[in-house]
Amino acid sequence: SLLPSVDVWAAAIRQEGFDVELCTSFNPISSAGFLPCPDSGSGFEYSFSSLNAAILEELGVAHEELKLISGMDSIVGFCYKTEADLKVVKAASVTLAKLTEGIVIECESGAVMDSKKALEWAYGRYEPPVIAQNNLPYRNKLSRITIAKLVLALLIVIYWLYRLFHQ
C-alpha cells in the first residue's frame, strides 16, 4: 500500500516523542472525515486523494516549490479547528511525511517543507516563511476566521518511490 498501516503510523508518532495518540480505527487510504484522538478531546479532518495540477494550483504552491513535488502522486489533507487539534495535526502530518518520504505543505504560509524541516516546525523550532501573497489564493477568497479554521490543511504527498521500496 501507499501509506503505512495506522498502527505503524501511531507507533512512529510516539517514537518521535509526540504526546499524541492516533485513532487507529480507520483506513488511511479509504477513510475521510473527522478522526478523534482517544487520549483527548482533539482530532482533525482527514482526507486522501490523488495529486493533480488543479490541487497544486488551488493550494497556491509557488512555481519554485514545484520541483519538490515532482514525482509525487498522492496527497493527504489535515484540517483543524483548535490549538489542541493543531498539536495533533502537526504530529500526525510530519510523522507521516517522514514515513513516506513525503513533504508537508503548510497552507497558512504556503511553505513546502521536507520531513526534516517539518519535524522542526512541529517541535516549535522552525517557523516557515510566508510566501508572497499572490501565491496564497485562500487569503483572497476566505475570511481570516475561515483561514484560522483551515490554517493547516497539511498536505503530505507520497513519492512514487515509496511504492517501489515498500510494497
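Reader: Which exposed residues sit on the face of H1 turned away from its buried side?
Author: This is a predicted model, in which local features need pLDDT of at least 70, side-chain atom pairs count only at pLDDT 80 or more, and totals for chains, interfaces and linings use all residues. Residues are numbered from 1 along each chain as its sequence is written, and side-chain values use heavy atoms, without hydrogens and water. Helices (H or I, at least four residues) and strands (E, at least two) are DSSP runs numbered from the N terminus, while buried means under 20% relative accessible area, exposed over 50% and partly exposed in between (1.4 Å probe, protein chains only). On the face of H1 turned away from its buried side, the exposed residues are Asp7 and Gln15.

Reader: Thanks! How many degrees of arc do the buried residues of H1 cover around the axis?
Author: Helix H1 spans residues 6-15, and its buried residues are Val6, Trp9, Ala10, Ala12 and Ile13. They lie on the same side of H1, because the arc that they cover is only 160 degrees. That arc is taken from the directions from the helix axis to the C-beta atoms. An α-helix has 3.6 residues a turn, so residues three or four places apart point the same way. The arc asked for is 160 degrees.

Reader: What does the cover over the buried residues of H1 include?
Author: Contact here means heavy atoms within 4.5 Å. From H4 (residues 83-100), Thr95 is in contact with Trp9, Ala12 and Ile13, among others, leaving aside neighbours within four places in sequence. The cover includes strand E2 (43-50), E3 and H4.

Reader: Which residue of E5 is the bridge partner of Ile105?
Author: Two strands pair if DSSP finds at least two bridges between them, and 4 bridges join E4 to the antiparallel strand E5 (residues 111-114). Ile103 and Ile105 point one way from E4 (residues 103-106), Val104 and Glu106 the other way, and all are buried. The partner of Ile105 in E5 is Val112.

Reader: Which residue takes a positive phi in the hairpin of E4 and E5?
Author: This hairpin has 4 residues between the strands. The positive phi, near 85 degrees, belongs to Gly110.
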